Amino acid sequence: MRGNRFLPDPLLQEELDQIFAAALAAPSVGFSQPWEFITVTSPEKRQQIAHSFFAENEKAKQLFQQGKFEAGKLEQYEQLKLEGIIETPLNIAVFYNPQKGPVLGQTSMPEMGKYSVVCAVQNMWLKARSLNIGIGWVSILDPEKVKSLLNAPQDRELVAYLCVGKVDKFYDQPELEMLRWQERKKAEQVILSESF
Ligand SMILES: Cc1cc2nc3c(=O)[nH]c(=O)nc-3n(C[C@H](O)[C@H](O)[C@H](O)COP(=O)(O)O)c2cc1C
């Protein structure tokens, strides 16, 4: 879900508990559970985080400028509401907390810890959807700014910034597919046999 569909209605504590229970039930490498969640409701803090979005989004727009990319992409980009930081009653910042010392399963591919945090985000997303609650993932942010605003210790990494709230409707298709921003890939394009 994106910022154009969210309603300001508060969530019930019971709904939030269910979303977090789903997050904490996610699989993780070596059962390291390397996730931490900061709930953000303060309007001042959300305003400061929204400022980071606006600054980063200005930089993003330059990449979609006409001539450099497909014609009309910038106009289409500008019409998207790519965050719901203020519109939603709740934001959740999701961090990776690296474990000190070796983690079972993470010794060859260090990024597995962060992938585990993403599994928790996916669980939250699915649980929220089953409760008719929308989640939008905002990644057009300066992670260091968000860390500093939330007093995150230096070793933590921001994995996801989620806008959580009730919505006026869910789409039958991803919004970006509906708007023809990007086509859905066919199974045969991405599922190959034996080798690339
Ligand atoms: C890793 C990740 C990062 C995303 N970052 C953004 C973002 O910064 N802004 C945005 O509008 N959507 C972003 N999205 C997309 C959505 O949050 C979500 O897919 C969208 O709200 C609509 O759901 P749909 O894919 O079913 O249409 C991101 C999704 C993922 C998985």
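Reader: Which residues does G165 touch, not counting residues up to four places away in sequence?

Author: This is a predicted model in which local features need pLDDT of at least 70 and side-chain atom pairs count only at pLDDT 80 or more, while totals for chains, interfaces and linings use all residues. Residues are numbered from 1 along each chain as its sequence is written. Two residues are in contact if their C-beta atoms, placed from the backbone, lie within 7 Å. With residues up to four places away in sequence left out, G165 touches F6, L7, G84, T88, P89, L90, I133 and G134.

Reader: Is G165 buried or exposed?

Author: G165 belongs to strand β4; strands (E, at least two residues) and helices (H or I, at least four) are DSSP runs numbered from the N terminus. A residue is buried with 20 or more other C-beta atoms within 10 Å of its own, exposed with 12 or fewer, and partly exposed in between, C-beta atoms being placed from the backbone. G165 has 24 such atoms within 10 Å, so it is buried.

Reader: Which residue in β4 stands opposite N91?

Author: β2 and β4 run antiparallel and are joined by 7 bridges. Opposite N91 stands C163.

Reader: How far apart are the end C-alpha atoms of helix α4?

Author: The expected span of a helix is 1.5 Å times one less than its number of residues. Helix α4 (residues 112–130) has 19 residues and should therefore span 27 Å; the distance between its end C-alpha atoms agrees, at 27 Å.

Reader: What covers the buried residues of α4?

Author: The buried residues of α4 are G113, S116, V117, A120, V121, M124, W125 and A128. Their cover includes α1 (13–24), β1 (35–40), β2 (90–96), β3 (133–137) and β4 (157–166).

Reader: Is R180 buried or exposed?

Author: Most residues other than glycine have a negative phi. R180 is not a glycine, yet has a positive phi of about 60°, and lies in the loop between α6 (175–178) and α7 (187–190). With 8 other C-beta atoms within 10 Å, R180 is exposed.

Conventions
Two strands pair if DSSP finds at least two bridges between them.
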